[in-house]
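Here is a short briefing on one protein model. Look through the sequence and the structure, then go on to the points below.

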Amino acid sequence: MVWGNCGMCEKKIEQAALKVEGVQKADWDKEKKVLTLSYNPSVTNVLAVQKSIAAIGYDTEKVKATDKSYNKLDGCCKYERDK
């Protein structure tokens, strides 16, 4: 799971995933909040991708974004967060 709201979120989430070495493809479904990846497991792993996504402000299943990075998101991208 990767939280977000809109097409801008989709673009940012996919770009953050693709910046991780070893990731060849990233597709985020905004309705289901699911990120589908194609990556080389000898180079990277899902946790590394989730850390990259959290670094730009989006909470993932295992890594929560810092408040500082979340607060940098555009207004349309801010989603309801768990406390």
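How many positive and negative side chains does the protein have, and how far apart do the centres of the two sets lie? There are 15 positive and 12 negative side chains, with the two centres 5 Å apart. Lys and Arg count as positive, Asp and Glu as negative, while His and the chain ends are not counted. Each charge is placed at NZ of Lys, CZ of Arg, CG of Asp or CD of Glu.

This is a predicted model, in which local features need pLDDT of at least 70, side-chain atom pairs count only at pLDDT 80 or more, and totals for chains, interfaces and linings use all residues. Residues are numbered from 1 along each chain as its sequence is written, and side-chain values use heavy atoms, with hydrogens and water left out.

**Overall fold**

- Three helices and two strands make up the secondary structure of the protein. Along the sequence they follow the pattern α-β-β-α-α.
- The radius of gyration is 12 Å, close to the 12 Å that the globule rule gives for 83 residues, so the protein is as compact as a globular protein of that length. This radius is taken over C-alpha atoms, and the rule is 2.2 Å times the number of residues to the power 0.38.
- Helices (H or I, at least four residues) and strands (E, at least two) are DSSP runs, numbered from the N terminus.
- Along the principal axes, the C-alpha atoms fill a box of roughly 35 × 20 × 15 Å.

**Surface and contacts**

- The accessible surface comes to about 5,200 Å². Carbon and sulfur atoms hold 49% of that surface. Areas come from the Shrake-Rupley method with a 1.4 Å probe.
- Of the 83 residues, 39% are buried. Buried means under 20% relative accessible area, exposed over 50%, and partly exposed in between (1.4 Å probe, protein chains only).
- Take the contacts (heavy atoms within 4.5 Å) between residues at least 6 apart in sequence: 38% of them join residues at least 24 apart.

**Asn5, before α1**

- Asn5 sits in the segment before α1 (7–18). Asn5 is partly exposed, at 33% relative accessibility.
- Beyond four places in sequence, the contacts of Asn5 include Trp28, Lys33 and Tyr79.
- The Asn5 side chain lies 2.8 Å from the backbone oxygen of Lys78. A polar atom of that side chain is 3.2 Å from the backbone oxygen of Cys76.
- Asn5 and Tyr70 are 65 residues apart in sequence, and their C-alpha atoms are 13 Å apart in space.

**Lys33, between the strands**

- Lys33 is in the loop between β1 (23–29) and β2 (34–39). Lys33 is buried, with a relative accessible area of 18%.
- Phi of Lys33 is near 65 degrees, a positive value in a residue other than glycine. Most residues other than glycine have a negative phi.

**Helix α2**

- Gln50 belongs to helix α2 (residues 46–55). Gln50 is buried, at 10% relative accessible area.
- Apart from neighbours within four places in sequence, Gln50 touches Thr60, Glu61, Lys62 and Val63.
- Val46 is also in helix α2. Val46 is partly exposed, at 35% relative accessibility.
- Val46 and Ala17 are 29 residues apart along the chain, with their C-alpha atoms 9.4 Å apart.

Notes
A polar contact is a pair of N or O atoms within 3.5 Å; within protein, one must be able to donate a hydrogen and the other to accept it, and residues adjacent in sequence count only if both atoms are side-chain atoms.
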